[in-house]
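Subject: Structure for your reading, with notes

Dear colleague,

I am handing over the structure below, and my notes on it follow. Please read them beside the coordinates.

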Amino acid sequence: MSQEVCRFAPTPSGPAHPGTLLAALLAWLDARSRGARFLLRMEDIDHTRCTQEAAAEMKAALRWLGLDWDGESVQSQRRNDHEAALDRLAQEGALYPCGCTRSEIRRAGTRAADGGWRYPGCCRTRTLPEAGWRRAGGALRLRLEPGRVEVSDEGGLELGQEPLAELGDPVVLRADGAIAYHLAVVVDDAKDGVTRVVRGRDLASATALHGVLQQRLGVATPS
């Protein structure tokens, strides 16, 4: 077995649909063709949508497809690691509280690269309270620096991007206290030692942003 590590990281919020199983198959084929470790990670931090029943059904669907894996992890069990990442970002002065609602952001009228709405930066001059980010209340955003991030994609897709200009400052902690996807996936890939990521085009526009987070947190960027 090589030193490479691949992963499939579904959100257990319902039955596995054909797109989910296709993504799993492609990630599994990439790993097995290289003799790499293949990990299954349940990305279940959204407690309003994810259930243990859905996670069990997901595993059953993968086994039905004939897929196996070499290890498992559960995202919701890594809260301490996620908070440690927030501590590091806060120490660098990179976090700020945001009270903007989705409707306010939508009224700004600028589409983001991921198909959502670009954050217009209304709160980015705010600072964390002296007591730290845990006492900030509401959502926390990462203050991005301007500049383009180049990303190499083996499939030939152009993933280079200016995250600040094309996405705006991302949420890293939601207003309900849940860790946001972008932070959690970067931290978890680092903890799992992931070296390769097979990603659908629906999430491809986040790759450059993940590269920024990986650099800020001092972890490796997977292929």
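**What was found**

Ser73 counts as buried, with a relative accessibility of 12%, where buried means under 20% relative accessible area, exposed means over 50% and partly exposed lies in between, for a 1.4 Å probe and protein chains only. This is a predicted model, in which local features need pLDDT of at least 70 and side-chain atom pairs count only at pLDDT 80 or more, while totals for chains, interfaces and linings use all residues. Residues are numbered from 1 along each chain as its sequence is written, and side-chain values use heavy atoms, with hydrogens and water left out.

Ser73 belongs to strand β3 (residues 71-74); helices (H or I, at least four residues) and strands (E, at least two) are DSSP runs, numbered from the N terminus. Not counting residues up to four places away in sequence, Ser73 touches Leu40, Arg41, Met42, Arg78 and Asp192, contact being defined as heavy atoms within 4.5 Å.

**Helix α2**

Helix α2, made up of residues 52-64, has 13 residues and reaches 18 Å from its first C-alpha to its last, close to the 18 Å expected at 1.5 Å a residue; the expected span of a helix is 1.5 Å times one less than its number of residues. The buried residues of α2 are Ala54, Ala55, Met58, Ala61 and Leu62. Seen down the axis of α2, these buried residues fall within an arc of 120 degrees, so they line one face of the helix, the arc being that of the directions from the helix axis to the C-beta atoms. The buried residues of α2 pack against β1 (5-8), α1 (18-34) and β2 (37-42), whereas Gln52, Glu53, Arg63 and Trp64, on the other side of α2, are exposed. Just after α2, Gly66 takes a positive phi of about 95 degrees.

Asp30 lies in helix α1, and at 14% relative accessibility Asp30 counts as buried. The C-alpha atoms of Asp30 and Cys6 are separated by 7.8 Å, although the two residues are 24 residues apart along the chain. Leaving aside its neighbours within four places in sequence, Asp30 is in contact with Cys6, Arg196 and Val198.

In α3, the residues His82, Glu83, Ala85, Leu86 and Leu89 are buried. They cover an arc of only 155 degrees around the axis, which puts them on the same side of α3, while on the other side of α3 Asn80 and Gln91 are exposed. The elements against which the buried residues of α3 pack are β4 (95-98), β5 (139-142), β6 (171-173), α6 (181-192) and α7.

How do α3 and α7 pack, and at what angle? Helix α3 (residues 79-91) and helix α7 (residues 207-217) pack at an angle of about 80 degrees, with their axes 10 Å apart; axes are lines fitted to C-alpha atoms, for helices over the stretch in contact, and angles run from 0 to 180 degrees between N-to-C directions. That makes α3 roughly perpendicular to α7, given that angles under 35 degrees count as roughly parallel, over 145 as roughly antiparallel, 65 to 115 as roughly perpendicular and the rest as oblique. The contact is made by Ala85, Arg88 and Leu89 of α3 and by Leu213, Arg216 and Leu217 of α7.

Helix α7 is mostly covered, with 10 of its 11 residues buried, and the buried residues of α7 pack against α3, β5, α5 (163-166) and α6.

**Two loop residues**

Ala94 is found in the loop between α3 and β4 and, at 5% relative accessibility, counts as buried. Leaving aside its neighbours within four places in sequence, Ala94 is in contact with Leu89, Arg141, Leu142, Arg143 and Arg216.

Ser205 has its place in the loop between α6 and α7. Apart from neighbours within four places in sequence, Ser205 is in contact with Ala113, Asp114, Gln161 and Leu167.

With best regards
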